[in-house]
Each structure stands twice: as structure tokens, then as C-alpha cells.
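Here are my notes on the model you sent. Please read them with the structure open.

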Amino acid sequence: TDRYAVFGNPISHSKSPLIHAEFARQTGQELVYEAIEAPMDDFRGAVLAFRDAGGRGANVTVPFKEQAYLLAGERSERADAAGAVNTLTFADGEIWGDNTDGAGLVNDLLNNLDFDPAGQRILLLGAGGAARGVGLPLMEREPAELFVANRTAYKARELSARFDCYGGGFEALEGRRFDLVINATAASLAGDLPPLPEDIFMRGALAYDMMYGRDTPFLAFARAHGARTADGLGMLVEQAAEAFAIWRGVRPQTAPVIAMLRNA
Ligand code: ATR
């Protein structure tokens, strides 16, 4: 049986084993997928041990995505753009690195939220690991505008230069309005709300928080200002589907898995 795993620290709450087990069942693929907590100081050793024991591929989550990028011998363009890898494939002694986070977000928008980024004004909040993964796939959908805003303005400008779009501090948002606002900051974790102007949402706008599993101040703010809201659960399942398709050559259905997780 082919073995896969997700590496992170901590990892015990990961939903990835459940998601991939569902995908395997649904597509009739025979595989096992486990969660492995890599030691903070030896991600590389943990991954190589798994590969040497016969592992076929791995997902990588916080805080190892940048290390996974360095571990990969060859990488996809979207992984290079992100500077981070969440999907490793082991074959013929090579380690191939990809990043499916951005595709996961875009597919969640397209498939589950009826939102096509093409021609839309998009605001990406944050300039850390979560934001880095999604810029190129969003730009590839040819939005009218992508603006990256971050508490530390120079990081937003640096990241936006990478994506070939614009960026700045939160104060640069004054007077601007967007069709889609994506919260990729860690503010929700701390129960904080990024400092957004009251009139940031266009009529009918979508507010997307990459976090999932609980309501956040950002989503509450969005609802109070008339925006439609979505959390990051769909993105989680879609990025997993993209990884599954890379490894197994078949694309699982995501909607039933998202529904299952919502009802759990
Ligand atoms: P992640 O991998 O989750 O993106 P990260 O790389 O540490 O984590 O990045 C955290 C992001 O959340 C950064 O953009 C950070 O802003 P700074 O670059 O100014 O630090 C942002 N962030 C964290 N806490 C925040 C808060 N309370 N309000 C606004 N932004 C916050």
C-alpha cells in the first residue's frame, strides 16, 4: 500500500488524514495517509526517514513550508513564487516540491463559492506564509486588481513586487473598495481584527478568512458591513484535492468532503 503523510508541528489536530482517506475511498485508490509530528529542529530528517521507509509523498504544514521548499530538489513555478512548498512527491531519488495552497483557494472560490476572480478587485491582507502561497494563482486568474495590505508595510510592498501587483500598509486602503477581501493574516488567531476602513467592501463583496473552525472578528466585521462570508475549510479540502491529483492522477470530489467536515 502506498504511504503518504502530513508533516507539521503541532499536527495532532490535522484534518488531512481524514480528508485523504475520504478521497481514497471515493476514488477507489489504495493508500494510507498519516499525520507525523516532525521535531522542530529536524524536519528534514523526519521527511527523509519517511521517504526511505517507502513513503510516496507528503504534505507539509506550519511551520515547515519554507524548509520543505529548500528540501525539494525541483519545484513548480507556483512553489517558487510562494517560496514555500506544501506538497512533496518522492520518485526516482528525486524530491519534487509543489504548492497547492493558491490553487486550493482559487478552486474554492470557483467551485464552492461561485466567485470568479477574473476582472475583480481583490484585497489580500497579510504578507506572511499564508499570503505568499496564494498570490500567483490569484494573479493567473487575471483580476482587475490585486492589492496586498500588511501591518508592516514594507513586507506588503516586497510581496506585491513578487506578484507583480501593488501593496502597502493598511493606511493605503483609505478610499479603496474591493469585491473580494482575503484575510491571510494571523490576526484571527489572536482574536484581532486588521484595521480596515468601514467602506472597504463593494456591494455584494465576498470576505474570505483563511482560518476555519470558528467565527473570527474579520468575518463578523464583514457581515456587519453587508459582505458575504466564507472560512478556509473549503481551501483546506481543495488544496488537499490538488495534492491528491498530483500523486494519484485522479481528481476527487470536494463538495461531499467539505460537507462532511462541516457537519462533523
Ligand atoms: P502565516 O504563515 O500564518 O502567514 P506569518 O508568516 O507569521 O504567519 O505571518 C503572519 C501575518 O499576519 C503577517 O502578515 C503579520 O503582519 P506583520 O508582517 O506586520 O507581522 C500578520 N499579523 C499577525 N498578527 C496581526 C494582527 N494582530 N493584526 C494584523 N496583522 C497581523
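In what sense do strand β1 and β2 pair, and over how many bridges?

1. They pair in the parallel sense, over seven bridges. Strand β1 covers residues 2-8. Y4 has Y33 of β2 as its bridge partner. Two strands count as paired if DSSP finds at least two bridges between them. Helices (H or I, at least four residues) and strands (E, at least two) are DSSP runs, numbered from the N terminus.

2. Before going on, note the ground rules. This is a predicted model, in which local features need pLDDT of at least 70, side-chain atom pairs count only at pLDDT 80 or more, and totals for chains, interfaces and linings use all residues. Residues are numbered from 1 along each chain as its sequence is written.

3. β1 and β2 belong to an open sheet of six strands, ordered β2-β1-β3-β5-β6-β4, with mixed pairing. β2 (31-37) and β4 (74-75) are the edge strands; each has a single partner, so one side of each lacks a neighbour in the sheet. Helix α10 packs on this sheet and touches β1, β3 (55-60), β5 (87-91) and β6 (94-98). Its direction makes about 10° with that of β5. Contact requires C-beta atoms, placed from the backbone, within 7 Å. Axes are lines fitted to C-alpha atoms, for helices over the stretch in contact, and angles run from 0 to 180 degrees between N-to-C directions.

4. α10 has 16 residues and reaches 22 Å between its first and last C-alpha, close to the 22 Å expected at 1.5 Å a residue. The expected span is 1.5 Å times one less than the number of residues. Twelve of the 16 residues are buried, so α10 is largely enclosed by the rest of the structure. Among them are M235, L236, F244 and W247. Buried means 20 or more other C-beta atoms within 10 Å of the residue's own; exposed means 12 or fewer, and partly exposed lies in between, with C-beta atoms placed from the backbone. Just after α10, G249 takes a positive phi of about 75°.

5. Helix α5 (residues 101-112) is mostly covered too: nine of its twelve residues are buried. These buried residues include L105, V106 and L109. They pack against α4 (77-82), α7 (135-140) and α10 (233-248). Just after α5, D114 has a positive phi of about 55°.

6. Now V47, in helix α2 (residues 43-52). Is V47 buried or exposed? V47 is buried, because 24 other C-beta atoms lie within 10 Å. V47 touches F7, A58, L71 and L88, not counting residues up to four places away in sequence.

7. A further open sheet of six strands runs β9-β8-β7-β10-β11-β12, with parallel pairing. Its edges are β9 (166-168) and β12 (228-230), each with a single partner strand. Neighbouring strands are turned by 20° against each other on average, direction ignored. Three bridges join β11 (residues 201-209) to β12. Helix α8 (residues 153-163) lies across β8 (145-149) and β9, at about 170° to β9.

8. Last, the ligand. Of the 16 residues around the ligand, G128, G129, R151, T152 and T185 come nearest. Near means a C-beta atom, placed from the backbone, within 6 Å of the molecule or strand. Helix α6 (residues 129-132) gives the most to this shell, with three residues.

Notes
Two residues are in contact if their C-beta atoms, placed from the backbone, lie within 7 Å.
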